[in-house]
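Biologist: I would like to learn how to read a few features of a model. Can we go through them one at a time?

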Amino acid sequence: MSEPPQDATRPMPVVDTRKHPDPAPGQPALPPDAPGSGRFWSARRVPSAIVALLTLGGAGLLLYDIVAVRTGHPAMYWRRELARQLAQRHLDDIPVLAGAAFVTAVGLWLILLAITPGLRNLLPMRRPRHDVRAALTRDAAAQVLRDRAVQVSGVREARVRMRRRRADVRVISHFRDPADVRRDLDTTLADAVTDLGMARRPKLSVRLRGPGKKG
């Protein structure tokens, strides 16, 4: 991840206490080890709209052709040609196999969209209450870890790449013993990961190197 400007700010998640008041006496807060929010599922509006439009258009065209044939008009050319091709071609012909492969690929893609949540940029957080779900974006979590890393004495530059299950931290140190910097980094970043409150604690991968030689 490229290093943002030093004075860059990012919006952080905010809970509106008016919409989410304190838990009622009959609904206590969840314990810290309660299950997290779980993955957030994408609405998949664009694929759903495309499939719905294609299905509606194909069904409408086929219905129109059937009605035209029932009223004494000839069938459309595409339907006559399709029927002729299906009657003449064998199942092992290349066009038939190519068409079957295309339809299979589209079907597998739709199944994959249906069974996967998507929204990989959102990292679920622990649930403080039953009616509250929250998540951090990867960029926001990476920015928090980076800010904590650069606060460690001896750290000149830090870059963080946040994944779903791991945080890759690359640090350049100066003027301090690298062993001391590494020890403080491990402690600081471990506390920062805990403070993020994510449902699945990511593993830290910290790589520390010196500034290198000049000239």
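Predicted model: local features only at pLDDT ≥ 70, side-chain atom pairs only at ≥ 80, totals over all residues.

Biologist: Where is Val103 found?

Modeller: Val103 sits in helix α3.

Biologist: Which residues form the nonpolar patch on the surface?

Modeller: Val103 is one of them; the others are Val51, Phe102, Val106, Trp109 and Leu110. Together they have about 530 Å² of accessible area. Helix α3, residues 94-115, gives the largest share of the patch, 5 residues.

Biologist: Now the inside. Which residues of the largest nonpolar core touch the most other members?

Modeller: A nonpolar core joins buried residues through side-chain atoms within 4.5 Å. The largest one here has 25 residues. Leu145, Val155, Met162, Leu185, Leu189 and Leu196 touch the most other members. The elements giving two or more residues to this core are α4 (138-150), β3 (155-162), β4 (166-173) and α5 (178-196).

Biologist: What does Val155 touch?

Modeller: Leave out residues up to four places away in sequence. Val155 then touches Ala149, Val150, Val171, Ile172, Ser173, His174, Val181 and Leu185.

Biologist: Last one: why is Arg39 called partly exposed?

Modeller: The label covers values between the buried limit of 20% and the exposed limit of 50%. Arg39 has a relative accessible area of 23%, so Arg39 is partly exposed. Arg39 lies in the segment before α1 (45-70). Beyond its neighbours within four places in sequence, its contacts include Pro117, Arg133 and Arg164. Arg39 and Met125 are 86 residues apart in sequence, yet 9.5 Å apart in space, C-alpha to C-alpha.

Key
Residues numbered from 1 in each chain as written. Heavy atoms only, no water. Helix = DSSP H or I, 4+ residues; strand = E, 2+ residues; numbered from the N terminus. Buried < 20%, exposed > 50% of the residue type's maximum accessible area, 1.4 Å probe, protein only. Contact = heavy atoms within 4.5 Å. Patch = residues over 30% accessible without salt bridge, like charges linked within 9 Å, V, L, I, M, F, W, Y side chains within 5 Å. Areas by Shrake-Rupley, 256 points an atom, 1.4 Å probe, with all protein chains shown as cover. Salt bridge = Lys/Arg side-chain N within 4 Å of Asp/Glu carboxyl O.
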